[in-house]
Amino acid sequence: METARVLVAADKFKGSLTAVQVAERVTAGLRRVAPGARVETLPVADGGDGTVAAAVAAGFERREARVTGPLGDPVTAAYALRDTTAVVEMAEASGLQHLPAGVFAPLTATTYGSGELLAAALDAGARTIVFGVGGSATTDGGAGMLAALGARFLDADGKPVGPGGGGLAALAEADLSGLDPRLAGVDLILASDVDNPLTGPKGAPEVYGRQKGATEDDIAVLDAALAHYASVLGPDHARLPGAGAAGGIGYGALVALGARFRPGIEVMLDVLGFAPALARADLVITGEGSLDEQTLHGKAPAGVAAAARAAGIEVVAVCGRLALPQEALATAGISRAYALADLEPDPAVSMAQAGPLLERAAEAIAHDFLTRAR
């Protein structure tokens with residue numbers, strides 16, 4: 001019997017397991033049933049939280065910097081570096097994980113630390129920066145990030161506007177002449193799994209504001225403030241795909257930093273070396289915490305499955321919860337999905353026991369795909 005070659009390329013199970021832990025648990029389950037299988041792991045991410053960890057798992061060096069958190073307090077943020085390529089994750093500096101439980105600041109949370117993190121990557125010699133955006137606590141259009149990199153945002157009295165999206169309502173002048181000159185020589189790739197514009201019904205405040213604690217009134221204030229901000233900096237960029245990513249930080253990167261937008265999972269598969277790993281496999285296992293309608297719109301499992309299908313390699317998925325019919329899975333290129341909810345229907349127990357349950361799911365995959373005649 002030919003030795004099975006398996007590539008485990010799954011994202012995190014949010015709230016339960018990191019992508020690295022998912023790979024470890026799946027590998028353990030596979031080897032229990034098919035000890036001779038050759039298993040290669042490549043934890044993946046789509047630009048949101050977990051992107052730096054995926055890069056480090058793929059051989060990048062983890063670096064840390066002390067930067068300004070979304071509430072203005074100092075936080076430690078990590079980025080990843082290999083040669084002159086850096087992977088910077090805005091959530092490391094400006095993400096929801098830096099807010100105390102139950103504390104939100106929808107009008108004043110700032111991306112200043114994300115700008116400081118980009119500057120740290122420049123200081124380390126980065127010439128290509130993959131800027132993963134998602135999981136933000138902020139809706140400031142990237143103004144804080146740009147301020148950290150040397151831009152000035154002034155009110156009618158010539159004083160700096162307040163932090164966060166709310167402060168942009170008072171913006172009278174945007175001076176970008178002081179932006180770090182090194183940015184001109186860097187290839188900055190905006191990596192995101194969302195393609196929303198900056199404002200409007202599908203814009204950052206309306207679609208994502210509530211998860212950052214914004215009330216309906218706050219959303220109206222933020223949408224108007226960001227529209228005003230865009231009228232000062234450049235309204236055309238506000239309509240571009242990705243401008244609304246991570247509270248509009250995508251817009252700031254596109255309009256002022258010369259960034260180019262690419263779907264996050266596509267960028268990360270390139271950076272992580274997915275193509276050569278795929279060439280060594282005859283079965284791919286992907287997945288994430290919830291396989292649902294969102295998965296089909298640029299999330300990591302969909303990107304992995306599309307690449308594997310193009311190469312003619314079979315794909316199965318693991319997940320905590322499955323909310324897609326078999327037809328949708330097949331259309332995405334996934335032969336079958338194994339959900340932890342089928343093993344443990346209580347969501348709280350399933351999340352708490354995700355590791356052992358995932359090993360059991362991997363054992364089932366091994367029985368179904370690795371021990372059959374090849």
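Two strands are taken to pair if DSSP finds at least two bridges between them. Helices (H or I, at least four residues) and strands (E, at least two) are DSSP runs numbered from the N terminus. The structure is a predicted model, in which local features need pLDDT of at least 70 and side-chain atom pairs count only at pLDDT 80 or more, whereas totals for chains, interfaces and linings use all residues. Residues are numbered from 1 along each chain as its sequence is written, and side-chain values use heavy atoms, with hydrogens and water left out.

The chain contains 17 helices and 13 strands. Its C-alpha trace spans about 75 × 45 × 35 Å along the principal axes. The radius of gyration, taken over C-alpha atoms, was compared with a globule rule of 2.2 Å times the number of residues to the power 0.38. For 374 residues a compact globule would have a value near 21 Å, and the chain, at 21 Å, agrees with this.

Strands of a sheet pair through backbone hydrogen bonds, either parallel or antiparallel. An open sheet is formed by 5 strands in the order β2-β1-β11-β12-β13, with parallel pairing. Its edge strands are β2 (38-41) and β13 (336-339), each of which pairs on one side only. Neighbouring strands of this sheet are turned by 25° against each other on average, direction ignored. Within the sheet, β11 (residues 283-291) runs parallel to β12 (residues 314-322), the two being joined by 8 bridges; Ile285 has Val316 in β12 as its bridge partner. Helix α13 (residues 300-310) lies across β11 and β12 and runs at about 160° to β11. Here axes are lines fitted to C-alpha atoms, for helices over the stretch in contact, and angles run from 0 to 180 degrees between N-to-C directions.

Antiparallel pairing is found in β3, β4 and β5. Strands β3 (residues 61-68) and β4 (residues 74-82) are linked over 8 bridges, and Thr68 stands opposite Pro74 in β4. The hairpin of β3 and β4 has 5 residues between the strands, and Gly72 takes a positive phi near 100°. Strand β4 also pairs with β5 (residues 85-89), over 4 bridges, with Tyr79 opposite Val88 in β5. In the hairpin formed by β4 and β5, 2 residues lie between the strands, and Asp83 in the turn has a positive phi of about 55°.

Two helix pairs were examined. The axes of α1 (residues 19-33) and α17 (residues 354-370) come within 7 Å and cross at roughly 45°. Helix α1 is therefore oblique to α17, given that angles under 35 degrees count as roughly parallel, over 145 as roughly antiparallel, 65 to 115 as roughly perpendicular and the rest as oblique. The crossing is right-handed, a crossing being right-handed if the near helix is turned clockwise from the far one by less than a right angle, and left-handed if anticlockwise. Contact (heavy atoms within 4.5 Å) involves residues including Val22, Arg25 and Leu30 in α1 and Leu358, Glu359 and Ile365 in α17. The contact residues divide into 11 nonpolar, 3 polar and 4 charged, where Ala, Val, Leu, Ile, Met, Phe, Trp, Tyr, Cys and Pro count as nonpolar, Asp, Glu, Lys and Arg as charged, and the others, Gly among them, as polar.

Helices α8 (residues 216-233) and α10 (residues 245-256) pack at an angle of about 5°, with their axes 11 Å apart, and are therefore roughly parallel to each other. Tyr229, Ala230 and Leu233 in α8 meet Tyr251, Gly252 and Val255 in α10. This contact comprises 5 nonpolar residues, 1 polar residue and no charged residues.
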